[in-house]
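Welcome! Please take a look at the sequence and the 3D view below, and then we will walk through a few details together.

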Amino acid sequence: MAIVKYNPLNELRTMQDKMNRLLDLAWTREVGDELREGVWLPPADIYEDDTTVTIKVEVPDLEQKDLEIRVEENALTIKGERRHRPEVLTENFHRIERYFGPFQRSFSLSPDLDRDGIAISCNLGILTITIPKTSSHSAGITVEL
């Protein structure tokens, strides 16, 4: 058996990460029942080239059929819920670090984007949404939490 040197800073870092997650939720949403239910925000990458804007969202353990993706006026909304698998009881977990429960992400779309040409795919837990630009103008997208 190997001897592992105790480092109290590791526990402090873990505690700080948990507090940062809690505070992020508190600043971006009203704290209440949602926080107890495990509301989480999957991380997203947004980038663009000359012809498209691409949004990639991490949705591990979910398939495209498990997600609700809507475009209404100038907003793209992604909703879903990640649940524990029924064959693994939560009482049997030693540690749960990943978020579970419902989530919703919204993005404001620029008028320079073609809402009818949106392409959506989900592969290996990454939801990819590609939105073509309608003109050569600089298109933009805004994240709303």
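## Strands side by side

Strands here are DSSP runs of E with at least two residues, numbered from the N terminus. S3 and S4 (residues 75-82) pair in the antiparallel sense over 5 bridges; two strands count as paired if DSSP finds at least two bridges between them. In their hairpin, 2 residues lie between the strands, and Glu73 takes a positive phi near 55 degrees.

S4 is also joined to strand S5 (residues 101-109), by 8 bridges, and these two run antiparallel. Here Lys79 stands opposite Gln104 in S5.

## A buried leucine

Leu62 is found in the loop between strand S2 (52-58) and strand S3 (68-72). Leu62 is buried, with a relative accessible area of 9% (buried means under 20%, using a 1.4 Å probe and protein chains only).

Which residues does Leu62 touch, not counting those up to four places away in sequence? They are Leu67, Glu81, Arg82, Phe103 and Cys122, where contact means heavy atoms within 4.5 Å.

## A charge over a ring

The charged end of Arg82 sits over the ring of Phe100, 5.0 Å from its centre. For an Arg, this requires CZ within 6 Å of the ring centre and within 35 degrees of the ring normal.

## About the model

This is a predicted model: local features need pLDDT of at least 70, side-chain atom pairs count only at pLDDT 80 or more, and totals for chains, interfaces and linings use all residues. Residues are numbered from 1 along each chain as its sequence is written, and side-chain values use heavy atoms, leaving out hydrogens and water.

How values were computed
Helices (H or I, at least four residues) and strands (E, at least two) are DSSP runs, numbered from the N terminus. Buried means under 20% relative accessible area, exposed over 50%, partly exposed in between (1.4 Å probe, protein chains only).
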